[in-house]
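This report goes through one model, from its conventions and overall layout to individual sheets, a helix and a core.

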Amino acid sequence: MGFELDRFKGTVDPDFKCNLCNKVLEDPLTTPCGHVFCSGCVLPWVVQQSSCPVKCQRISAKELNHVLPLKNLILKLEIKCDNHARGCDAVVKLQHLPEHTEMCDYTPAKCRNKGCTEVLSLGDMDAHMRETCDCRPVGLCESGCGLMLTLREQRLKSHCCLRTLKAHNSALQCKIISLDREFKQQTIKANKREKALLAQLSEVHSELQMTALKYQKKFTEYSERIDSLTKTVAFSCKEGETKSATVVLLREGGSLGFNIIGGRPCADDNDSTSNEGIFVSKIIEEGPADKEEGLQIHDRIIEVCVSYGGS
Ligand SMILES: [Zn+2]
Ligand SMILES: [Zn+2]
Ligand SMILES: [Zn+2]
Ligand SMILES: [Zn+2]
Ligand SMILES: [Zn+2]
């Protein structure tokens, strides 16, 4: 259904009118034959009759299309508020009508004081509830029940402690029942969550164990490899100790370029007595012994051969 014509200023362009409700188009849809109607007017018609409402041809609901440019033009029209009859003077663009209606002070609402049936504008609600409502609270009953006394009860002297207590009691019962229901629902939810968390926890736990086992295995593997490598290195060191080499040095200006010492290769190597002998103690830099295949400090000298010859 479209918008009432009298809510718009001046005369409305006939192109903006729906051919079914004769009001300003609301969410216009067009038929394949080019007729335009409100979607709320044409859809039920086409579903029932399978024809254009102007009776020009047979159509199905799938053939109806939105007419965006027309819709946008209509949204720019200025319209009076829904609550115009209730006193709202606001005139807004149709596209802003929903926002205005939401905060319009003239929107009707029911009084929230218990027992009051009055319907009034939202903007007047506070004042009504506090100042004029017959059912507004005026104090607590002093004749026994201690519950809230309304203006009407006070005026008519109609307050009955027993009746008020009964009503109050049943209201409390209702509240207890609804709270109890909510509590049960929450408990069920919490239980479900606990179960889910426990399942998650055990999953993580077993994953952790698997990982630990995997690393334990890897660790053992690497330990074994390190052990075997250590053995290999130690073996090759031992081999090196007993290796002997012949080094030929050419005397240069009377020196062979190294010093010797008797005893052990290192002063702190006390525990091996079998290693006694003559060892190299110093290599003179740039001397005949200071070359790549030459002597090293701590090399043991087993034999010295002196050869004469050449120049
Ligand atoms: Zn219509
Ligand atoms: Zn048609
Ligand atoms: Zn308004
Ligand atoms: Zn009221
Ligand atoms: Zn009372």
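F279 has R300 of β12 as its bridge partner. Strand β11 covers residues 277-283 and pairs with β12 in the antiparallel sense over two bridges. Strands here are DSSP runs of E of at least two residues, helices are runs of H or I of at least four residues, and both are numbered from the N terminus. Two strands count as paired if DSSP finds at least two bridges between them.

Three strands make up this open sheet, in the order β10-β11-β12, with antiparallel pairing. β10 (258-263) and β12 (300-301) each have a single partner strand and stand at the edges, so one side of each is left without a neighbour in the sheet.

## Model and conventions

This is a predicted model, in which local features need pLDDT of at least 70 and side-chain atom pairs count only at pLDDT 80 or more, while totals for chains, interfaces and linings use all residues. Residues are numbered from 1 along each chain as its sequence is written, and chains are lettered from A and ligands numbered from 1 in the order in which they are written.

The chain is divided into domain 1 (5-75), domain 2 (108-158), domain 3 (160-219) and domain 4 (246-265 + 273-311); the bounds come from an automatic or database domain assignment. Between the C-alpha centres of domain 1 and domain 3 the separation is 53 Å.

## The annotated segment and its sheet

An unreviewed UniProt entry carries the annotation "domain: RING-type" over residues 18-54. UniProt positions are given in the numbering used here, feature names are shortened, and annotations may be inferred rather than shown by experiment. Over residues 18-54 the chain is 30% helix and 16% strand, with the end C-alpha atoms 11 Å apart.

A second open sheet has three strands in the order β2-β1-β3, again with antiparallel pairing. Its edges are β2 and β3 (65-66), each with a single partner strand, so one side of each is left without a neighbour in the sheet. β1 and β2 pair over three bridges, and P28 has C38 of β2 as its bridge partner.

## Helix α1 and the core

The largest nonpolar core has 14 residues, and those with the most contacts inside it are C18, V24, L25, F37, C38, C41 and V42. Such a core is a set of buried Ala, Val, Leu, Ile, Met, Phe, Trp, Tyr and Cys residues joined through C-beta atoms within 7 Å. β2 (36-38) and α1 (39-49) are the elements that give two or more residues to it; α1 gives the most, with three residues. V24 touches, beyond four places in sequence, residues including F3, F16 and I74 (contact: C-beta atoms, placed from the backbone, within 7 Å).

In α1 the buried residues are C41, V42 and V46. Seen down the axis of α1, they fall within an arc of 105°, so they line one face of the helix; the arc is that of the directions from the helix axis to the C-beta atoms. They pack against β1 (28-30) and β2. The face turned away from the buried side carries the exposed residues P44, V47 and Q48. A residue is buried with 20 or more other C-beta atoms within 10 Å of its own, exposed with 12 or fewer, and partly exposed in between, with C-beta atoms placed from the backbone.

## L151

L151 lies in helix α5 (residues 151-156). It counts as partly exposed because it has 16 C-beta neighbours inside 10 Å. Leaving aside neighbours within four places in sequence, L151 is in contact with D134, C135, R136 and V138.

Notes: Contact = placed C-beta atoms within 7 Å.
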